[in-house]
Amino acid sequence: MTNNPEATPQASPTDLTDDARVRETGAVLDEGSFTRIIEPRSDARLPLGDGTWHQLARAYVWVQIISTGASALVVLAVAIGLQLWLDQPWTWIPAGIVLLLCLISLAITPRQARSYGYQLRRDDLVFRRGILWQRMVAVPYGRMQLIDITHGPLDRGFGIAQLKLVTAAASTGVTIPGLTQKAAESLRDTLVDVAETRRTGL
């Protein structure tokens, strides 16, 4: 599935407004993002279905790589320090395990980031992620209680943020990481408008 703001087999929440806003919102959500969701090869995978899927910003991969690499360097420095000053060679066992996990994380991060996707439908937002462990959740617009945007110093440096959707049921809450700042703000405004409309029954 490719990101295509013009293709809307399923009605999106912005059907409540004009077509110009639909195209504008789709363009903002897709700017700087990946263009195709990676799916597991198994026939038992969760299907993408119809509609337009939006993805994370490419910069998200760099943020994850830098964060993981920095963590690995800290662990390595601590292990070397303990070895040199306290003569504690056993620290290389846990350090080695952590460094191996960091290396695996660095290797799978680009593919993992491309497994994330979200879709705006008429009645809900559908979020999916994962390759080995897949998750797909639909969040009804009328159940959204809080829409929060957060970003750390590294996120700001790369111009990305994460958007968190809080509902009455904690299990249906969704956090979408790695959105561009413009996409996060546009998605927040769209969801707030639609959620208010659904709650008031208009």
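Visitor: Let's start with Y60 and Y116: buried or exposed?

Guide: Keep in mind that this is a predicted model. Both Y60 and Y116 are buried. For Y116 the relative accessible area is 11%, and buried means under 20%, so that residue qualifies.

Visitor: How do I describe a pair of aromatic rings?

Guide: You give the distance of the centres and the angle of the planes. Here, the ring centres of Y60 and Y116 are 6.3 Å apart with the planes at 65°; over 60 counts as edge-to-face, so that's what this pair is.

Visitor: Which parts does that pair tie together?

Guide: Y60 sits in helix α2 (residues 59-85) and Y116 in the loop between α3 and β1, so the pair joins parts 56 residues apart in sequence.

Visitor: Which ring does Y116 pair with in a tilted way?

Guide: That's F127, at 6.0 Å centre to centre and 55° between the planes. F127 belongs to strand β2 (residues 124-129), so this pair ties together parts eleven residues apart in sequence. F127 is buried too, at 1% relative accessibility.

Visitor: On to sheets. How do strands pair?

Guide: Through backbone hydrogen bonds, either parallel or antiparallel. In this model, three strands make an open sheet, ordered β4-β5-β6, with antiparallel pairing. β4 (144-150) and β6 (174-180) are at the edges with a single partner strand each, so one side of each has no neighbour in the sheet. The strand-to-strand twist averages 20°.

Visitor: How many bridges join β4 and β5?

Guide: Six, in the antiparallel sense. I147 stands opposite L165 in β5.

Key:
Residues are numbered from 1 along each chain as its sequence is written. This is a predicted model: local features need pLDDT of at least 70, side-chain atom pairs count only at pLDDT 80 or more; totals for chains, interfaces and linings use all residues. Side-chain values use heavy atoms; hydrogens and water are left out. Two strands pair if DSSP finds at least two bridges between them. Helices (H or I, at least four residues) and strands (E, at least two) are DSSP runs, numbered from the N terminus. Axes are lines fitted to C-alpha atoms, for helices over the stretch in contact, and angles run from 0 to 180 degrees between N-to-C directions. Rings of Phe, Tyr and Trp (its six-membered ring) pair if their centres lie within 6.5 Å; planes under 30 degrees apart count as stacked, over 60 as edge-to-face and the rest as tilted. Buried means under 20% relative accessible area, exposed over 50%, partly exposed in between (1.4 Å probe, protein chains only).
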